[in-house]
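The following exercises are to be worked with the sequence and the three-dimensional model at hand. Each task is followed by a solution in steps.

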Amino acid sequence: MNELNKILEMYPDEGYEKVDGFDYAIIGVSSCGRLVYSIQKIIEVLMGRNNWSEKDANDYFYYSIECSYNGDKAPIFINLI
């Protein structure tokens, strides 16, 4: 069972805003009911799916994904250290 399925099972009524095609990058849910994504995992997906360099994947993430989501249920993007 992936993280999204676990979250939906535990908190079925939250009304999450997902980033389509990046369920693999979900690592949890915040205390305010927002999905939490790993930036590194999103970059991995972009590199593998598109055969992009890490720089190209980073550029795409920061300009086209991170900036596209806002609002009360917008996902949270974090760097794992």
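**Exercise 1. The sheet**

Which residue in β2 is the bridge partner of Ile 26?

Solution. This is a predicted model, in which local features need pLDDT of at least 70, side-chain atom pairs count only at pLDDT 80 or more, and totals for chains, interfaces and linings use all residues. Residues are numbered from 1 along each chain as its sequence is written, and side-chain values use heavy atoms, with hydrogens and water left out.

Step 1. Helices (H or I, at least four residues) and strands (E, at least two) are DSSP runs, numbered from the N terminus. The bridge partner of Ile 26 in β2 is Tyr 37.

Step 2. Val 29 has Leu 35 as its bridge partner in β2. Three bridges join β1 to β2, and these strands run antiparallel; two strands pair if DSSP finds at least two bridges between them.

Step 3. An open sheet is formed by three strands in the order β1-β2-β3, with mixed pairing. β1 and β3 stand at the edges with a single partner strand each, so one side of each has no neighbour in the sheet. On average, neighbouring strands of this sheet are turned by 30 degrees against each other, direction ignored.

Step 4. Helix α1 packs on the sheet and touches β1 and β2, where contact means heavy atoms within 4.5 Å. The direction of α1 makes about 15 degrees with that of β1; axes are lines fitted to C-alpha atoms, for helices over the stretch in contact, and angles run from 0 to 180 degrees between N-to-C directions.

**Exercise 2. The hairpin turn**

Determine where Gly 33 lies and which residues Gly 33 touches, not counting residues up to four places away in sequence.

Solution.

Step 1. Gly 33 belongs to the loop between β1 (26-29) and β2 (35-38). These two strands form a hairpin with five residues between them, and Gly 33 in the turn has a positive phi of about 80 degrees.

Step 2. Gly 33 counts as buried because its relative accessibility is 6%; buried means under 20% relative accessible area, exposed over 50%, and partly exposed in between (1.4 Å probe, protein chains only).

Step 3. Leaving aside residues up to four places away in sequence, Gly 33 touches Glu 14, Tyr 16 and Lys 73. Ile 7 is 26 residues from Gly 33 in sequence, and their C-alpha atoms are 9.9 Å apart.

**Exercise 3. A serine in β2**

Is Ser 38 buried or exposed?

Solution.

Step 1. Ser 38, placed in strand β2, is buried, as its relative accessible area is 1%.

Step 2. Beyond residues up to four places away in sequence, Ser 38 touches Ala 25, Ile 27, Ile 78 and Leu 80. The side chain of Ser 38 also reaches the backbone nitrogen of Lys 41 at 3.2 Å.

**Exercise 4. The two sides of α3**

Which residues of helix α3 (residues 54-65) are buried?

Solution.

Step 1. Ala 57, Phe 61 and Ile 65 are buried in α3. Seen down the axis of α3, the buried residues fall within an arc of 35 degrees, so they line one face of the helix; the arc is that of the directions from the helix axis to the C-beta atoms.

Step 2. These buried residues pack against α2 (39-50) and β3 (76-78). On the other side of α3, Lys 55 and Tyr 63 are exposed.

Step 3. Tyr 62, also found in α3, is partly exposed at 31% relative accessibility. Tyr 62 touches Ile 39, Cys 67 and Asn 79, not counting residues up to four places away in sequence.

**Exercise 5. Salt bridges**

How many salt bridges are there?

Solution.

Step 1. A salt bridge is a side-chain nitrogen of Lys or Arg within 4 Å of a carboxyl oxygen of Asp or Glu. By this rule the count is three.

Step 2. Lys 6 and Glu 3 form a salt bridge at 3.3 Å, N to O. They are three residues apart in helix α1 (residues 3-10) and therefore separated by about one helical turn.

Step 3. Lys 18 pairs with Asp 23 in a salt bridge at 3.0 Å, N to O. Lys 18 is partly exposed at 31% relative accessibility, and Asp 23 is partly exposed at 25%.

Step 4. Asp 59 and Lys 55 form a salt bridge, with their closest N and O atoms 2.8 Å apart. Being four residues apart in α3, they are separated by about one helical turn. Asp 59 is partly exposed at 30%, whereas Lys 55 is exposed at 55%.

How values were computed:
A polar contact is a pair of N or O atoms within 3.5 Å; within protein, one must be able to donate a hydrogen and the other to accept it, and residues adjacent in sequence count only if both atoms are side-chain atoms.
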